[in-house]
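Please consider the structure shown below with attention to its charged side chains.

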Amino acid sequence: SGTGEVLGFLENTYGGTSVDNEEKATKEMVIDVLNTVGGFIAPGGLLFLERHLSNLLGFHGPSSSNPITLYSYEGNQFCRLVREVLTELDLVYELRNVGKKSSRRNELSEITGGSTQCPFLIDPNTGVQMAESVDIIRYLYEKYALYTPPIEFLEFMSKRLLGPLKPVLHTAAKLQAGYKDDDRSEYDAAIAGAKSQIDEEINQEGIVIYTYSLSPFSLAATRLLDQAGLPYKEISLGREWQPGLIAEGGSAKRAALLEMTGQSSLPHVFVGGKSIGGLYSGTPGLISALEKGEISKAT
């Protein structure tokens, strides 16, 4: 879509603006949108992500050779959370209910040295014994999940909010890199240099990921790769996309990535020199690639 369509979208959505100088008006409105949207997504999304790590769902990893034992109270919500994770990871386990008059209560007390706190997990495959639902859930994901995918909130933000804003973000990427309709010489030179640098960075074996340090999407992407045990090279373009936060040369690289792949948002993942997109978007996107087993440790 062209500048006129972007202006129309911004005026209808965010309020009218007198447009005497089309380029100036476009730039001011785009930056205002970025400041509003980016200010919410970066710190707010990051905090939301951190606070909900214990509630993430996992994908099946290695199975347990011997059944795991879980001591549990039937109606306890924390015990229920652990049972749901065991089921989600398709792990075979023996459930031992510890009611007030159950002989299992004395059995658990002998194992723990007097405590009947539940949930209490015993993994004969590793020798691990632990209480506290948060610790148990973290252990199960780290031991038996291939990786822990991001919360649904990030997917909602990616598809419902950032998706419709793509024309705005694409225009902003070019403007921040110095694009001018009447004189493209400096812009074209900067983009050519950035493309050359990107080609050098991605044309190697393995995984290369471009990120922003404050982006919850970038944080989620690198965590997925870490949890999957996949080595990668991370290249940061600054703290965020907003003016004043993006690194020197980051604007040109962002615009160059847009011209090379059609995507200006980060994270942006390359595997063996080929773009697979971001966390959710792209061909096929990082999460889809991991789910389908399209990225291996031998990549």
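**Salt bridges in the predicted model**

Aspartate 135 has a relative accessible area of 36% and is therefore partly exposed (buried means under 20% relative accessible area, exposed over 50%, and partly exposed in between, with a 1.4 Å probe and protein chains only). This is a predicted model, in which local features need pLDDT of at least 70 and side-chain atom pairs count only at pLDDT 80 or more, while totals for chains, interfaces and linings use all residues. Residues are numbered from 1 along each chain as its sequence is written, and side-chain values use heavy atoms, with hydrogens and water left out.

Aspartate 135 forms a salt bridge with arginine 138, at 3.3 Å from N to O; the term denotes a side-chain nitrogen of Lys or Arg within 4 Å of a carboxyl oxygen of Asp or Glu. Both residues belong to helix α5 (residues 133-144), 3 residues apart, about one turn of the helix; helices here are DSSP runs of H or I with at least four residues, numbered from the N terminus. Arginine 138 is partly exposed, at 44% relative accessibility.

Glutamate 201 and lysine 253 form a salt bridge whose closest N and O atoms are 2.7 Å apart. Glutamate 201 lies in helix α8 and lysine 253 in helix α10, 52 residues apart.

The whole structure holds 8 salt bridges.

Conventions: Helices (H or I, at least four residues) and strands (E, at least two) are DSSP runs, numbered from the N terminus.
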